[in-house]
Amino acid sequence: MGSARDRDDSLAFTNPSTSSSPIVISDALESFLSDPNSHIGSASGSFQNEGLLADTSGSCSDAELGFSRSEFRTSQLAGTVEFYQRHVFLCYKNPQVWPPRIEAAEFDRLPRLLYSAVMARRADMKKETRLTICEGHDGTETSNGDVLIFPDMIRYRRLTHFDVDTFVEEVLVKDGEWLPGTPETLKGSYVFVCSHGSRDRRCGVCGPPLINRFREEIELHGLQGKVSVSPCSHIGGHKYAGNVIIFGSNCNREVSGHWYGYVAPEDVNVLLEQHVGKGEIVDWLWRGQMGLSEEQQKESQERRLQLNGETDVGKTTTELTQPKERGMNTGVCRSQVEIGGCCQENGNSCCQNATLMENINSPDLNDEIAVKATAEKKKGSRKPLSRMNSGKGASTRKVCAMPTWFQSWEREDTYAAVAVVCAAVSVAVAYKCYKQLS
């Protein structure tokens, strides 16, 4: 399943004299800052697989580079994410003005200095860290200079080039807090879509429509403030465009980052409903996960597929695409909110079919473990979704039958029925008295 050359992933810079974790830079610079003639990483295919980077002549049409390109969904995805433990996003401008190597750009001082500081202290960091640029707009939730850190789920506001060295030292090396900056807690789920067109045209073609579709679905389902989506720079694996990363909390309040590849606009609703809403991995688009090695990613998917009754775990993405029961992929619970209503009894859990549009009353997507949802009438004929028992080692699945009217009867329904009966009796008595008086 994809070698380093096939993945075109970002580089891991290591220091042979130390056992400290390396720093992984998403827009791999091949150490240009220290040595412009360096070809570090060329053996991994960082240059060979970027033939579309310099192609600005328009010789390839958007159709040939987009979701209908010949290579789309022809490779296996699981295990194509290099191991790392922390992801740092610097909010800075937008994809239209990002140069191919933004960390080396002469006029983009903040990304360049942050990259240099991270590289200088990489041997002292306890966690393997990725640095990626995401879109920034002043006066918004992602202003230029804001730094988002996962899995810490924190934001530091308005980093400047004067603060870079102190920030890297205090936050990334010492795992402390940067003062005078105050860390803000991030809430909800965060979606990043590679849209770095100047780095590779496939990402430039596939990224924007995915961003638009995510925003449309988020607005349609009333998930503003609960799910955030942003374009980001190169994260590795141009050939898998559209590339998507989703960060969010699981049922144990643990933040995980899941990578998806070959994502098309029609898959957005599935990712929102199944991954963000129900915490189930969409295996036929899944590349891997933050915190797992490449081999662990493959083993993790293999276990899920076996639990789901899939015996041929060596299928390509094309064969995994369009599963017989789309949306029925088995996965551990990784989301705080169930967009579908769930029942939990005696340690077993099952989810009834419900609408994606359930609007959560709490402003924090992560504060609710389970939210009851009312199914739309037009979806009333759909079969209930099955769900794995939460927790490690769960190997059985339980499908709950739809409850009868008696089983779903609640105390409030009893009160309402009693009130109706009392009202009817009162009317009857009043009418009887009126007849007697007349």
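View 1. A search through the whole structure, which is a predicted model, turns up zero disulfides (pairs of cysteine sulfur atoms within 2.5 Å). Take C203: its nearest cysteine sulfur belongs to C194 and sits 3.6 Å away, so C203 is in no disulfide by the 2.5 Å cut-off. C203 counts as buried at 2% relative accessibility, while C433 is partly exposed at 39%. Buried here means under 20% relative accessible area, exposed over 50%, and partly exposed in between, using a 1.4 Å probe and protein chains only.

A word on the model: residues are numbered from 1 along each chain as its sequence is written, and side-chain values use heavy atoms, with hydrogens and water left out. Local features need pLDDT of at least 70 and side-chain atom pairs count only at pLDDT 80 or more, while totals for chains, interfaces and linings use all residues.

**View 2. Helix α4, tucked in.** Helices (H or I, at least four residues) and strands (E, at least two) are DSSP runs, numbered from the N terminus. Why is α4 (residues 164-173) largely enclosed by the rest of the structure? Because seven of its 10 residues are buried: V164, F167, V168, E169, V171, L172 and V173. The cover over these buried residues includes β3 (86-91), α3 (109-120), β5 (147-150) and β6 (154-156). After α4 comes D175, with a positive phi near 55°.

**View 3. The largest nonpolar core.** A nonpolar core is a set of buried Ala, Val, Leu, Ile, Met, Phe, Trp, Tyr and Cys residues joined through side-chain atoms within 4.5 Å. The largest one has 26 residues, and L114, I149, L159, F167 and V168 have the most contacts inside it. β3, α3, β4 (129-134), β5, β6 and α4 each give two or more residues to this core. What does L159 touch, leaving aside neighbours within four places in sequence? Its contacts (heavy atoms within 4.5 Å) are L110, L114, G145, D146, V147, V164, F167 and W178. A second, separate core of 24 residues includes F214, L271, I281 and L285.

**View 4. A nonpolar patch on the surface.** V421, V425 and V429 make up this patch, with about 250 Å² of accessible area together (Shrake-Rupley method, 1.4 Å probe; only the protein chains shown count as cover). Patch residues have over 30% relative accessible area and no salt bridge (a Lys or Arg side-chain nitrogen within 4 Å of an Asp or Glu carboxyl oxygen); nonpolar side chains (Val, Leu, Ile, Met, Phe, Trp, Tyr) are joined within 5 Å, like charges within 9 Å. V425 lies in helix α9 (residues 411-437) and is partly exposed, at 46%.
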